[in-house]
Amino acid sequence: MAHNSLVTVEPPRFDRPEVEVRASTKRKKTGAAHWSGSRIVVQIPARLRGKERSRFVDELVERLLNQRPQNAAGDASLEERARELAKMYLDGVRAESVRWVANQRQRWASCSPSSREIRVSSRLRQCPAWVIDAVLVHELAHLLEADHSAAFYELANRHPRQSDCAMFLDGFALGLGLRIEDADVDVDVASDVVD
Ligand SMILES: [Zn+2]
C-alpha cells in the first residue's frame, strides 16, 4: 500500500460490537464508520493518540449505532438483512418472509418452520443492530433445526454474540418492564410455531 494504515481490533463490549480501527496517514481531520458483517470498521487520522483517539472512535461508533438503518426502516430491509445473515452464517437458508410485528408480547421473535415465516417484535427496533442480527440468526437457524437441540445451538451460535444478546435482552426487558423472563428469544410458543 502506498500510504500507512495501521489496523487494530477492539473486542466487543456489552454496548457495542467488535470495532476495527484503521488509522490512516491519509486522513487529516475526518473519520468514517461502516458495518462489515457484525463488526464496525472506523477510519481515523493516524495522528490521533490516547484519549483523543478513543473519543474520536467512540463518537464514530456511536453515530453509526444510532443510525441503525435496518431497524429504522421497514420489513424490506429486515428481510434483506436476514438474507445477508443467512449467507454469512447459515449457508443461505431462505425464509418465506421476515416481518416486524407489534403483537409479540411474550417473546422477542418466532419462526414457523412449516410456513417458513419469521416474526420479530417491533420492540427490538430500538435495539442495536447486532442484537437484531443475533435474533435473526437464531430464528433462521430454526428453519434448519426446529427444536432447541444441541444441533440447533451449534447453528445459531455461528453468530458470535448470542450470549451477549441474551444478556442484552434480559436487561432490555427489565428496562421496559416487560414480562419476558426467559433467556431464550422465543421459548414461550404457540403450538404451530417452533421456539
Ligand atoms: Zn428459538
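These questions and answers walk through a predicted model, from its chain layout to its sheets, helices and cores.

Student: What pattern does the protein chain follow along the sequence?
Tutor: Start with the inventory. The protein chain has six helices and seven strands. Read along the sequence, they give the pattern β-β-β-β-α-α-α-β-β-β-α-α-α.

Student: In the sheet of four strands, which are the edge strands?
Tutor: This open sheet has mixed pairing and runs in the order β1-β2-β4-β3. Its neighbouring strands are turned by 20 degrees against each other on average, direction ignored. An edge strand pairs on one side only, and that applies to β1 (5–10) and β3 (32–36).

Student: Which residue in β4 is the bridge partner of Val19?
Tutor: Look at β2 (residues 19–24) and β4 (residues 39–45). They pair in the parallel sense over six bridges. In β4, Val19 has as its bridge partner Ile40.

Student: Which strands stand at the edges of the sheet of three strands?
Tutor: The order is β5-β7-β6, in an open sheet with mixed pairing. Each edge strand has a single partner strand, so one side of it is left without a neighbour in the sheet. The strands at the edges are β5 (97–101) and β6.

Student: Which residue in β7 is the bridge partner of Ser110, and which of Arg99?
Tutor: Take the two pairings in turn. β6 and β7 pair in the antiparallel sense over four bridges, and Ser110 is bridged to Arg119. β5 and β7 pair in the parallel sense over five bridges. There, Arg99 has as its partner Arg119.

Student: Which residue takes a positive phi in the hairpin of β6 and β7?
Tutor: The hairpin has four residues between the strands. A positive phi near 60 degrees is found there at Arg116.

Student: Are the faces of β6 covered or open?
Tutor: Check each side. Ala109 and Cys111 are buried on one side. Ser110 and Ser112 are buried on the other. Both faces of β6 are therefore covered.

Student: What is the relative orientation of α3 and α4?
Tutor: Their axes come within 10 Å and cross at roughly 70 degrees. Angles of 65 to 115 degrees count as roughly perpendicular. So α3, relative to α4, is roughly perpendicular.

Student: Which residues of α4 meet α3?
Tutor: α3 passes α4 in a right-handed crossing. From α3 come Arg81, Ala82, Leu85, Ala86 and Tyr89. They meet, in α4, Asp133, Leu136, Val137 and Leu140.

Student: Which element gives the most to the largest nonpolar core?
Tutor: This core has 30 residues, and Ala82, Val131, Val135, Val137 and Leu140 touch the most other members. At least two residues each come from α3 (75–89), β6 (109–112), β7 (117–121), α4 (129–142), α5 (150–156) and α6 (162–176). With nine residues, the element that gives the most is α4.

Student: Leaving aside neighbours within four places in sequence, which residues is Leu140 in contact with?
Tutor: Leu140 is among the members of the largest core that touch the most others. Beyond its sequence neighbours, its contacts are Ala82, Leu85, Ala86, Leu90, Val93 and Ala95.

Student: How many residues are in the second core?
Tutor: This core is separate. Its members include Ile44, Leu60, Val61 and Leu64. The count is 11 residues.

Terms used
Residues are numbered from 1 along each chain as its sequence is written. This is a predicted model: local features need pLDDT of at least 70, side-chain atom pairs count only at pLDDT 80 or more; totals for chains, interfaces and linings use all residues. A nonpolar core is a set of buried Ala, Val, Leu, Ile, Met, Phe, Trp, Tyr and Cys residues joined through C-beta atoms within 7 Å. A residue is buried if 20 or more other C-beta atoms lie within 10 Å of its own, exposed if 12 or fewer, and partly exposed in between; C-beta atoms are placed from the backbone. Two residues are in contact if their C-beta atoms, placed from the backbone, lie within 7 Å. Two strands pair if DSSP finds at least two bridges between them. Axes are lines fitted to C-alpha atoms, for helices over the stretch in contact, and angles run from 0 to 180 degrees between N-to-C directions. Angles under 35 degrees count as roughly parallel, over 145 as roughly antiparallel, 65 to 115 as roughly perpendicular and the rest as oblique. A crossing is left-handed if the near helix is turned anticlockwise from the far one by less than a right angle, and right-handed if clockwise.
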